[in-house]
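Dear colleague,

Please find below the structure that I am handing over to you. My notes on what was found in it follow directly after.

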4 protein chains.
Amino acid sequence: MARRTPRLDLPDTTRVEMFSDGVLAIVITLLVIEVRPPEHDDGELFTELVHQWPAYLGYLTSFIYVGVIWLNHHAAFRRIRYLDRGLNFANLGVLATTAFLPFPTAVLAEAMADATTEDQRIAVALYGAVASLMCASWLGLYHYLARSPRLHMDDGDRRFFHGERIRAVAGIAAYGLAVALAWLLDPIVSLLVLFAIPVFYAVTSEGWGEPIRRRRSVETDGTSR
Amino acid sequence: MARRTPRLDLPDTTRVEMFSDGVLAIVITLLVIEVRPPEHDDGELFTELVHQWPAYLGYLTSFIYVGVIWLNHHAAFRRIRYLDRGLNFANLGVLATTAFLPFPTAVLAEAMADATTEDQRIAVALYGAVASLMCASWLGLYHYLARSPRLHMDDGDRRFFHGERIRAVAGIAAYGLAVALAWLLDPIVSLLVLFAIPVFYAVTSEGWGEPIRRRRSVETDGTSR
Amino acid sequence: MARRTPRLDLPDTTRVEMFSDGVLAIVITLLVIEVRPPEHDDGELFTELVHQWPAYLGYLTSFIYVGVIWLNHHAAFRRIRYLDRGLNFANLGVLATTAFLPFPTAVLAEAMADATTEDQRIAVALYGAVASLMCASWLGLYHYLARSPRLHMDDGDRRFFHGERIRAVAGIAAYGLAVALAWLLDPIVSLLVLFAIPVFYAVTSEGWGEPIRRRRSVETDGTSR
Amino acid sequence: MARRTPRLDLPDTTRVEMFSDGVLAIVITLLVIEVRPPEHDDGELFTELVHQWPAYLGYLTSFIYVGVIWLNHHAAFRRIRYLDRGLNFANLGVLATTAFLPFPTAVLAEAMADATTEDQRIAVALYGAVASLMCASWLGLYHYLARSPRLHMDDGDRRFFHGERIRAVAGIAAYGLAVALAWLLDPIVSLLVLFAIPVFYAVTSEGWGEPIRRRRSVETDGTSR
């Protein structure tokens with residue numbers, strides 16, 4: 001594989017990783033704030049704790065989702081060696097859509113518990129729209145990286161980011177499917193698709209159609225990062 | 001001791017440590033949000049401040065617990081040299097159960113202040129169930145590490161993670177005991193056990209049945225991490 | 001360019017960058033807390049979601065602003081090699097004004113939705129005053145750095161910080177203009193100026209009137225930072 | 001000065017600094033949550049904004065205080081080279097008392113605005129007690145470090161930590177004085193002392209009675225940390 005010479009005019013990615021880790025750590029931790037001790041009459045604590053099972057499911061689902069986003073972020077950035085302005089903006093796009101995710105999640109959870117089928121469809125559509133935006137922000141990041149070989153190390157990385165774009169497009173299609181199913185069948189069916197997508201991303205978090213890639217920066221210059 | 005050759009195809013643990021530190025720092029800091037200035041009539045501030053002593057005790061206990069979890073995390077990861085997908089998921093399991101802990105803590109604190117003995121038993125059982133899940137997530141992490149010698153450095157580390165599994169199992173047993181005591185004796189007795197467990201983990205945070213271990217990665221390659 | 005010898009008596013900037021990244025990551029993430037699921041009657045979810053569009057706009061605007069502040073912070077600190085007490089205080093000033101920004105933003109958003117034109121002018125003035133203070137804190141940071149050559153590497157960095165002072169003064173002038181327009185014309189006109197300023201800072205985040213600068217610390221000593 | 005040989009059996013302080021930075025960054029950022037847009041009648045926004053000046057003062061004071069604590073933490077840890085269990089617990093003590101500080105601050109702010117002189121004395125006493133605990137936690141940290149030469153580099157560091165104990169004791173005495181003045185004179189007089197103490201710590205944050213110290217770890221082994 002063609003090996004590129006080090007770039008001396010661009011900063012490395014340490015700080016953007018620290019900042020991104022901070023944002024994702026806060027998003028994932030704030031999720032528990034939505035789970036509150038229930039009001040209850042004497043002797044009714046058990047019943048009330050069971051009654052709020054959707055809150056526990058929501059915590060679990062959101063935690064898996066943000067955890068998977070962190071894994072994808074980690075898998076992408078360990079292939080990135082230098083940082084430029086375009087990568088900074090692409091990364092801020094990913095963070096902005098991820099940090100917004102708790103809002104449609106809360107709308108969807110409340111709608112599934114209490115609302116009419118029509119409003120549940122609206123909630124699924126809102127969730128699908130925001131999640132598609134998030135996939136689109138990843139598509140933008142991968143596309144930028146596939147076209148910026150100077151930011152990573154060799155042609156294998158370029159192919160990796162090329163392939164990752166397929167995962168992002170697959171996500172947009174899957175969220176479109178979930179919204180369509182809410183109108184064609186039932187919002188409950190959409191939920192199954194919405195929960196399956198993070199699992200898909202978890203299973204493929206190390207890349208699409210390739211064995212686990214090596215981290216060249218460690219082996220080539222011995223710095224500890 | 002057998003020394004393994006460096007792995008060049010796996011990333012190191014810097015970012016997973018940054019992310020975990022972020023999550024644990026946020027969990028430990030959000031605890032003070034539960035302690036609020038009390039409503040009070042003129043001249044009653046002192047009385048009302050004393051009256052909410054359980055909130056201070058809860059802050060102290062939770063701070064010790066999350067602090068100890070951080071110590072355990074630190075003790076484990078300074079023996080880990082490389083990161084793979086399984087370790088990522090095991091670590092996310094630890095973070096998910098730890099970040100959820102404020103919920104059963106709040107339920108227990110409210111129940112001990114105001115609820116019937118029956119509801120207090122439910123609250124102890126909830127706390128014990130979540131805390132056991134947390135111990136089980138540590139068991140999963142230690143078990144995975146004990147079977148993944150390629151992620152650490154030598155056979156001493158393997159033995160360390162082997163031994164740590166005992167600590168995790170001991171925690172599950174102790175929380176089971178605490179729940180049993182709530183039904184057999186009184187929820188107050190359970191509290192004593194619940195408070196003793198973090199102290200046990202603090203005292204044994206550097207390992208079980210072994211002197212303080214050396215950090216080989218420092219001495220062998222001189223990088224500063 | 002004159003090259004300065006390494007300073008051995010001053011710490012590097014790793015920790016102040018970690019601390020600043022933490023503060024900015026928290027500020028940017030807490031913004032979504034202001035966006036809440038709307039109360040709604042049956043069948044009215046879509047209408048209510050559309051009705052709270054100012055909240056989405058506020059999230060987007062604030063996210064861009066704090067993101068740009070992070071970019072500026074990053075661009076400044078990768079030119080800084082050592083840390084002294086004055087730099088610490090200048091940096092704390094930047095963080096203090098940035099962390100305060102959510103308050104005038106919320107006042108302005110509420111005023112634009114519901115208040116009289118007179119109160120909207122007050123809200124614009126408050127926002128302009130706080131944002132000018134923030135620009136003044138950047139002016140202080142850049143001025144300190146322009147006069148402290150021992151903290152960075154060569155005369156190019158000194159010229160960079162010299163030039164950056166112009167950007168900070170331009171911000172103060174622009175916020176003054178926005179406040180004046182609220183009285184002379186209409187608060188809506190002020191909003192356009194307020195939204196244009198972060199865009200200006202984003203476009204110029206790599207420096208004012210110079211091509212992208214090289215990061216000398218990487219090329220000269222090979223440390224990984 | 002006597003130079004000690006490197007210790008190979010103790011971890012370095014990277015992670016405890018990351019964790020501490022996270023905790024302090026969150027504490028300092030959450031302060032703005034207490035400052036809320038005021039309720040107001042038409043045309044009364046300016047009046048209401050002015051009316052809540054104690055909230056702005058509280059934000060400023062708390063920000064300075066936590067910022068100074070971070071400076072002290074930074075000044076201490078750049079003299080520390082290795083980490084052991086005792087240092088971990090001493091550091092957790094500092095973090096626990098710092099993260100608790102927002103509570104007495106809120107009690108004091110509310111009491112100064114609305115309460116009787118008697119309750120204001122109670123609030124000053126609460127603040128003084130918590131702040132003295134915080135100084136005591138720093139005393140514990142400095143004392144431990146002064147007696148643990150194996151954790152730092154040379155005799156100069158030992159003398160530094162020796163001297164720092166005086167600063168911690170001075171803080172405890174000053175907070176005792178502030179509480180006494182609340183009873184002997186007036187709680188307003190106590191406020192002046194309470195606000196003067198962080199300024200004292202800021203001015204002396206690089207050490208007590210010595211010129212700015214050099215960071216030996218940089219000059220001796222050239223690692224970048």
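**A buried threonine**

C:Thr105 counts as buried because it has 23 C-beta neighbours inside 10 Å. The term "buried" applies to a residue with 20 or more other C-beta atoms within 10 Å of its own; a residue with 12 or fewer is exposed, one in between is partly exposed, and the C-beta atoms are placed from the backbone. C:Thr105 lies in helix α5 (residues 102-114) of chain C. Helices (H or I, at least four residues) and strands (E, at least two) are DSSP runs, numbered from the N terminus. Apart from neighbours within four places in sequence, C:Thr105 is in contact with C:Gly58, C:Ser62 and C:Tyr127. Here, contact means that the C-beta atoms of two residues, placed from the backbone, lie within 7 Å. C:Leu45, by comparison, is 60 residues from C:Thr105 in sequence and 26 Å from it in space, C-alpha to C-alpha.

**How to read the model**

The model is predicted: local features need pLDDT of at least 70 and side-chain atom pairs count only at pLDDT 80 or more, while totals for chains, interfaces and linings use all residues. Residues are numbered from 1 along each chain as its sequence is written, and chains are lettered from A and ligands numbered from 1 in the order in which they are written.

The predictor gives the complex an ipTM of 0.77 and a pTM of 0.80. Chain A has an average pLDDT (the predictor's confidence in each residue, from 0 to 100) of 80, and 86% of its residues score at least 70. Over residues 209-225 of chain A, pLDDT stays under 50. Where pLDDT is low, the predicted coordinates should not be read in detail.

Chain A comprises 9 helices and 0 strands. Of the 225 residues in chain A, 52% are buried.

Helix α1 (residues 14-30) of chain C reaches 24 Å from its first C-alpha to its last. In α1(C), 17 of the 17 residues are buried, so this helix is largely enclosed by the rest of the structure. In chain D, the buried residues of α7(D) include D:Phe160, D:Phe161 and D:Tyr175. Among the elements that cover the buried residues of α7(D) are α6 (117-146) and α8 (187-203) of chain D.

**How chains A and B meet**

The contact takes 32 residues from chain A and 34 residues from chain B. On the side of chain A that touches chain B, the largest share, 9 residues, comes from α1(A). By class, this side of chain A has 17 nonpolar, 6 polar and 9 charged residues. Ala, Val, Leu, Ile, Met, Phe, Trp, Tyr, Cys and Pro count as nonpolar, Asp, Glu, Lys and Arg as charged, and the others, Gly among them, as polar.

A rotation of 90° with 0.0 Å of shift along its axis superposes chain A on chain B, with an RMSD of 0.1 Å. The two copies are thus related as by a four-fold rotation axis. Superposition is by least squares on the C-alpha atoms of residues with pLDDT of at least 70 in both copies.

Yours sincerely

Note on methods
Expected span 1.5 Å × (residues − 1).
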